[in-house]
There are 2 protein chains.
Amino acid sequence: MSTSLFTDHYELTMLAAALRDGTAERPCVFEVFARRLPEGRRYGVVAGTGRLLDAIADFTFTERDLELLERTNVVDEATLSWLADYTFTGDVDGYPEGELYFPGSPILSVRAPFGVGVVLETLALSILNHDSAIASAAARMVGAANGRRMIEMGSRRTHEESAVAAARAAFLAGFTATSNLEAARRHGIPTAGTCAHAFTLLHDTEESAFRSQIETLGVDTTLLVDTYDITNGIKTAVQVAGPSLGSVRIDSGDLGVLARQARDQLDSLGARNTRIVVSGDLDEYSIAMLRAEPVDAYGVGTSLVTGSGAPTAGMVYKLVEVDGRPVAKRSSHKESRGGRKASLRRHKETGTALEEVVFPHASEPEMGAHDRLLAVPLIRGGRRVDGLDTLAESRERLRAALVTVPWEGLKLSRGEPAIPTTFL
Amino acid sequence: MSTSLFTDHYELTMLAAALRDGTAERPCVFEVFARRLPEGRRYGVVAGTGRLLDAIADFTFTERDLELLERTNVVDEATLSWLADYTFTGDVDGYPEGELYFPGSPILSVRAPFGVGVVLETLALSILNHDSAIASAAARMVGAANGRRMIEMGSRRTHEESAVAAARAAFLAGFTATSNLEAARRHGIPTAGTCAHAFTLLHDTEESAFRSQIETLGVDTTLLVDTYDITNGIKTAVQVAGPSLGSVRIDSGDLGVLARQARDQLDSLGARNTRIVVSGDLDEYSIAMLRAEPVDAYGVGTSLVTGSGAPTAGMVYKLVEVDGRPVAKRSSHKESRGGRKASLRRHKETGTALEEVVFPHASEPEMGAHDRLLAVPLIRGGRRVDGLDTLAESRERLRAALVTVPWEGLKLSRGEPAIPTTFL
């Protein structure tokens with residue numbers, strides 16, 4: 001499927017006017033950045049770049065797309081025929097997926113003639129804003145879980161396609177698995193599942209439901225024990241499965257208290273290796289509050305797929321340079337800094353990040369031994385650069401980047417960005 | 001594209017166990033409902049039903065889908081071959097799109113053998129939860145705008161596919177148009193667009209940008225006047241376009257003050273019919289605050305596509321009946337009411353809604369002359385019922401339904417649901 005109509009009407013009318021007056025050919029630089037992090041957040045996680053590169057490759061105007069534009073008179077004939085030949089021919093640099101970002105970080109830089117670059121605004125922002133919002137929330141949850149297994153199970157609480165992208169972003173941020181099967185097919189993410197209350201209710205007794213599940217899925221499965229009464233549920237689960245039962249899941253009630261009771265009960269029944277999975281409106285705060293409890297895995301849904309209060313990253317796509325000359329809106333406090341930019345992150349000798357430095361691309365700021373440039377080439381002459389990170393590599397990149405965040409910046413509480421952004 | 005992998009892992013493992021033990025054939029009823037409205041909201045708007053019916057028709061397991069399930073060992077051979085033959089064969093009733101809903105309203109009822117119905121859980125919830133969240137927020141914004149034009153322009157702040165569904169939900173709720181071109185192609189929604197700051201910045205002067213836009217799009221276009229200085233921008237706009245200029249857009253600053261100044265200036269320049277479009281982080285509250293100002297149209301983005309604080313409707317899909325016997329989870333406060341249900345809405349003689357009555361489907365509660373049953377047949381024997389509402393009809397249904405809401409229930413402030421739900 002082509003991605004070219006994931007585009008706002010005005011991009012094509014601007015294109016039409018620019019084609020007519022000749023400015024469509026002017027070499028331009030567009031930059032993606034976030035003016036600020038969501039309220040109180042300490043860092044953002046770049047996600048979606050890989051999906052964006054695929055979407056740019058599919059950004060062509062098929063017959064079906066052109067027919068819509070013609071029928072609705074969005075653009076004139078000359079523009080239609082220009083679009084019919086469109087493929088992206090420019091260069092793109094950007095922060096790799098899994099990199100941290102801060103206010104003003106130049107996350108993506110698109111260099112192309114105006115007409116070639118302007119039409120990517122909506123597509124680029126849709127993907128980066130969604131995926132980065134989810135990954136940023138997910139990273140906080142993974143931190144709060146402190147190494148315990150995290151299962152993403154929020155598909156039902158978001159658009160069916162967002163669900164697939166959310167599963168990808170969560171995996172990037174360190175989640176162990178997803179419930180979403182399409183995410184497995186499309187992105188190779190491991191899936192996991194337990195059981196719903198419906199399965200127990202379908203059967204004449206809880207025991208027959210447990211027996212059926214174990215006969216089909218083996219004793220290493222996860223039995224959902226809170227349909228009727230948790231204590232009875234656990235007793236029945238171990239009776240049916242024996243002490244080698246894989247896991248029990250608790251989906252309601254005071255999860256801390258119930259996890260402790262369940263652990264005691266399982267231990268007393270000899271099921272010392274049976275794990276406890278908890279779920280039910282968990283977010284980074286409730287995950288953190290369960291740190292001291294005998295919980296082995298968390299199932300996280302709504303708060304993950306809605307960005308835990310910040311469902312969009314709020315990034316913008318701004319024209320910063322025309323014909324080599326910096327440009328910027330000047331009427332309001334929402335000023336943008338003109339000119340093509342690059343950035344580096346300074347670190348202490350110990351590896352702890354100190355500041356994000358954003359500088360004019362043409363300048364050469366002093367680099368310390370522990371500093372590093374942040375953007376990498378993504379597309380050259382319309383062609384995706386070889387050897388870009390796999391999803392697994394992006395996951396590892398984030399893991400490593402989070403190690404560099406100062407302690408204060410890893411707190412879940414609201415506060416300032418973990419490191420300041422300095423504009424040279 | 002098939003929709004069958006927009007599904008959680010556990011639905012297929014439950015299916016596998018139920019096929020093996022014979023319970024997959026048990027006749028079941030699943031219901032979709034919301035336990036509560038988002039905090040402080042007075043009503044919800046059902047949206048997505050039309051998309052769901054399409055998605056159920058496309059719910060088949062293609063080779064590509066089966067290959068994933070086989071490769072990842074999610075289910076056994078017997079289940080794979082059952083899935084290969086899957087098409088939905090059951091019955092579905094539900095609230096039509098554009099209908100209001102309240103806590104406990106039985107929004108969708110799926111009647112099918114367990115195996116046939118259980119696999120639709122994630123798909124049904126993804127679509128209804130997303131689209132209803134957007135439509136519910138959009139309806140409040142449309143109410144706040146009090147008849148003025150509303151343009152949905154939030155695509156860049158949400159996943160690229162959610163953007164298309166959000167545009168559809170916003171149109172259902174009374175928005176005039178969307179910026180999203182794919183929404184025009186897929187759902188026939190009118191599109192609109194103005195211009196970005198990038199277009200002005202691309203040109204050597206604001207005047208040359210305005211001139212170019214008018215030459216291509218005519219004087220009825222919308223000029224964006226706040227790139228440099230709004231007063232100069234408006235002056236230049238009218239100089240270039242003449243007093244027949246269609247609209248000016250202001251995207252920053254104190255929109256109320258600026259709209260008044262712009263109106264005065266436009267009037268003094270003779271451009272008395274030039275409209276004023278405002279945009280920039282608008283939500284239902286800021287729209288309402290601009291009621292007294294000379295604003296002709298609102299462009300709404302982020303808050304619309306993120307449900308204005310409630311990005312998901314929180315609906316659940318619960319098994320309520322097996323073999324004609326009511327079933328319900330019993331371990332917690334989150335109790336569900338077992339049994340297949342129907343509902344009616346009671347109204348005063350004046351047409352004002354009084355209460356939502358939810359009753360066992362088999363019972364026949366007394367119906368007053370102004371009461372009406374709420375669900376309609378959607379699918380019979382797997383086949384979509386003929387003559388279901390078009391999107392335009394759903395839009396009109398919502399408009400009419402909102403007229404029945406008691407005054408108190410149309411307030412934007414937080415409070416109780418507009419009418420109580422009574423369970424018989």
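**A first look around**

Analyst: Happy to. Let's start with a strand pairing in chain A: β3(A) and strand β17 (residues 376–380) of chain A run antiparallel and are joined by 3 bridges. One thing to keep in mind is that this is a predicted model.

User: Which residue stands opposite Val376(A) in that pairing?

Analyst: That's Gly94(A), which faces Val376(A) in β17(A). Gly94(A) also has a bridge partner in β5(A), namely Leu108(A).

User: And how are β3 and β5 of chain A joined?

Analyst: By 4 bridges, with strand β3 (residues 91–94) and strand β5 (residues 108–113) of chain A running antiparallel.

User: Let me zoom out. How many helices and strands are there in chain A?

Analyst: Chain A has 15 helices and 19 strands. Its C-alpha atoms fill a box of roughly 80 × 55 × 40 Å along the principal axes. Of the 424 residues in chain A, 62% are buried.

User: What does the UniProt annotation say about residues 5–129 of chain A?

Analyst: The unreviewed UniProt entry annotates them as "domain: Nicotinate phosphoribosyltransferase N-terminal". In the model, that stretch of chain A is 42% helix and 18% strand, and its end C-alpha atoms are 18 Å apart.

User: Switching to chain B now. In what order do the strands of the 6-stranded open sheet come?

Analyst: The order is β7-β6-β11-β10-β9-β8 in chain B, with parallel pairing. At the edges are β7 (177–178) and β8 (222–224) of chain B, each of which pairs on one side only.

User: So what does β8(B) pair with?

Analyst: With strand β9 (residues 247–250) of chain B, in the parallel sense and over 3 bridges. Within that pair, Thr222(B) stands opposite Ser247(B) in β9(B).

User: Is strand β12 of chain B enclosed or open?

Analyst: Largely enclosed by the rest of the structure, because 7 of the 8 residues of β12 (residues 315–322) of chain B are buried. Strand β1 (residues 27–34) of chain B pairs with β12(B) in the antiparallel sense over 7 bridges, and Ala34(B) stands opposite Met315(B) there.

User: What do β12(B) and β13(B) form?

Analyst: They form a hairpin with 2 residues between them, and Asp323(B) in the turn has a positive phi of about 55°. The two strands pair in the antiparallel sense over 2 bridges, and the bridge partner of Val322(B) in β13(B) is Arg325(B).

User: Now a single residue. Is Glu293(B) buried or exposed?

Analyst: Buried, because its relative accessibility is 12% and the cut-off for buried is under 20%. Glu293(B) sits in the loop between α13 (284–289) and β11 (297–300) of chain B.

User: Which residues does Glu293(B) touch?

Analyst: Leaving out residues up to four places away in sequence, Glu293(B) touches Arg148(B), Gly256(B) and Arg260(B).

User: Where does Arg148(B) lie?

Analyst: In the loop between α6 and β6 (149–152) of chain B. Arg148(B) counts as partly exposed, because its relative accessibility is 23%. Among its contacts beyond four places in sequence are Leu290(B), Glu293(B) and Val295(B). Arg148(B) and Val295(B) are 147 residues apart in sequence, and their C-alpha atoms are 8.1 Å apart.

Definitions and conventions
Residues are numbered from 1 along each chain as its sequence is written. Chains are lettered from A and ligands numbered from 1 in the order in which they are written. This is a predicted model: local features need pLDDT of at least 70, side-chain atom pairs count only at pLDDT 80 or more; totals for chains, interfaces and linings use all residues. Side-chain values use heavy atoms; hydrogens and water are left out. UniProt positions are given in the numbering used here, feature names are shortened, and annotations may be inferred rather than shown by experiment. Buried means under 20% relative accessible area, exposed over 50%, partly exposed in between (1.4 Å probe, protein chains only). Contact means heavy atoms within 4.5 Å. Two strands pair if DSSP finds at least two bridges between them.
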